[in-house]
Amino acid sequence: MAQITGKIIGLGSYLPPKVLSNDDLSKMVETNDEWITERTGIKRRHIADGIEDKSSTMAIKAAKAAVEDAGIDPKDIELIVAASTTPDLLFPSMAVCVQKALGCSENVGCFDVNSACPGWIAAFNTVQGFIESGNVKLALVVGTETLSNFVDWNDRGTCILFGDGAGAAVLRAEEGKKNEFIMRSSGNRGDCLRCENRKQPQRYDEEGFEQSTYFYMAGRDVFRFAITEVPKLIKDLAAKYNFSLDEIDYFILHQANARIIEATAKKLNIDIEKFPMTLQETGNTSSASIPSLLSTMKKDGRLKKGMKLVLASFGGGLTWDANYIEY
Ligand code: UT7
């Protein structure tokens, strides 16, 4: 019997115009282009100005592009889920900001999810649940981040890695192979990657509380976690859903570090050509990285209907997720 699943029918992405190169960073902290390129693969990242471009407005721009690409009427959208670890508003949600700006009807469910870098995959799986259960026919899944607002620009271990941006996909209920996925997390190992929420300067118990709202990351620990767990997760996904990794056209990995992607390809014994990268131009855009990469690949013609894809991401939590989908 034919199954109903959410097919990606539109993709969009947005990067703010301001670019920070490795050379620019070398004027801010003790680093250089050679070190950053060799250890991460990153050459540039885009930085939001916080006025025109914030997580909410970038989400809107990426969502508009995805809706246009899909050729749908935004009034037909029934569900919007946005993933962000760095929303500029605690509420309303980023999803509601998108709903308003796109002129969607009021007959639409809107909420945000936060699962750090794999947030877009968590949002995608949530939306697929609504679609595959027959509750929703047309949905928008957005990932949007302004990490530049939470990075300590004096810490060379983190500020070189991250960038801002947004990506979005339109999903429509169609017949096809179901969304197959594994989601994993380890709160016990989460201290190596965390960020406190912003605290107000005049809280009632102000005295004595520590103002520590920068991103904290133990880079080596996160690196080790990623190169150990991601290849294992992808192998487990193939075993659970009974497919061969050789059948996969592309492995769409979270764009954190080229060395993590290369190590994963090597451990899986798959040609690195099947692991497309945009991180050279974007840095790590957290939950925006996967939809943005998919959007770039659609624009340049690499992504074609019917292709078999593995999506995989990892990050704060710790959390790590992977999907097997047919595009
Ligand atoms: O979305 C998930 C989020 N996070 C990640 O994916 C991050 C995962 N981790 C990484 O990508 C890597 O660990 C980093 C890129 C952050 C660091 O690379 P590494 O190869 O693990 O370097 P390291 O931390 O082991 O540091 C090696 C050396 C140290 O100097 P000593 O102690 O050997 O003298 C660092 O102080 O490199 C130094 N270093 C730098 N030098 C120049 C650290 N950062 C820099 C820098 N420029 N930006």
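Helices (H or I, at least four residues) and strands (E, at least two) are DSSP runs, numbered from the N terminus. Okay, with that in hand, hi everyone. What we have here is a predicted model, where local features need pLDDT of at least 70 and side-chain atom pairs count only at pLDDT 80 or more, while totals for chains, interfaces and linings use all residues. Residues are numbered from 1 along each chain as its sequence is written, and side-chain values use heavy atoms, with hydrogens and water left out.

Let's start in helix H7, which covers residues 219-240 and holds Glu-229. Is Glu-229 buried or exposed? It's buried, with a relative accessible area of 12%; buried means under 20% relative accessible area, exposed means over 50%, and partly exposed is in between, using a 1.4 Å probe and protein chains only. Setting aside residues up to four places away in sequence, Glu-229 touches Arg-189 and Trp-320, where contact means heavy atoms within 4.5 Å. With Arg-189 there's also a polar contact of 3.0 Å, side chain to side chain. By polar contact I mean a pair of N or O atoms within 3.5 Å; within protein, one must be able to donate a hydrogen and the other to accept it, and residues adjacent in sequence count only if both atoms are side-chain atoms.

Staying with H7, have a look at its partner, helix H8, residues 258-268. The two axes come within 9 Å and cross at roughly 40°, which makes H7 oblique to H8. An axis here is a line fitted to C-alpha atoms, for helices over the stretch in contact, and angles run from 0 to 180 degrees between N-to-C directions. As for the word oblique, angles under 35 degrees count as roughly parallel, over 145 as roughly antiparallel, 65 to 115 as roughly perpendicular, and the rest as oblique. The H7 and H8 crossing is right-handed: that's when the near helix is turned clockwise from the far one by less than a right angle, and left-handed is anticlockwise.

Who meets whom? On the H7 side you'll find Phe-223, Ala-226, Ile-227 and Val-230, among others, and on the H8 side the residues include Ile-260, Ala-263 and Leu-268. That contact divides into nine nonpolar, two polar and three charged residues. For those classes, Ala, Val, Leu, Ile, Met, Phe, Trp, Tyr, Cys and Pro count as nonpolar, Asp, Glu, Lys and Arg as charged, and the others, Gly among them, as polar.

H3, residues 55-70, and H4, residues 94-102, have axes that come within 9 Å and cross at roughly 55°. That makes H3 oblique to H4, and this crossing is right-handed. H3 brings Ser-55, Ser-56, Ala-59, Ile-60, Ala-63, Lys-64 and Val-67, and H4 brings Met-94, Cys-97, Val-98, Ala-101 and Leu-102. By class, the contact has nine nonpolar residues, two polar and one charged.

What's buried in H4? Met-94, Ala-95, Cys-97, Val-98, Gln-99 and Leu-102. Those buried residues pack against H3, E4, E5 and strand E6, residues 138-145.

Most residues other than glycine have a negative phi, and most peptide bonds are trans. Against that background, Phe-91 to Pro-92 is a cis peptide bond with omega near 0°, and Pro-92 sits in the loop between strand E4 (79-83) and H4. Another cis bond joins Gly-317 and Leu-318, with omega about -10°; Leu-318 is in the loop between strands E12 (308-315) and E13 (319-326).

For positive phi, take Ala-116, at about 55°, in the loop between strand E5 (109-113) and helix H5 (119-132). Asn-269 also has a positive phi, near 60°, and lies in the loop between H8 and helix H9 (279-282). Ala-116 is buried at 14% relative accessible area, whereas Asn-269 is exposed at 68%.

Last one: His-254, in the loop between strand E11 (250-253) and H8. At 1% relative accessibility, His-254 is buried. Which residue is 59 places away in sequence but 4.7 Å away in space, C-alpha to C-alpha? That's Ser-313. Leaving out neighbours within four places, the contacts of His-254 include Cys-117, Asn-284 and Phe-314. Its side chain also makes a polar contact of 2.8 Å with that of Ser-289. That's my tour, thanks!
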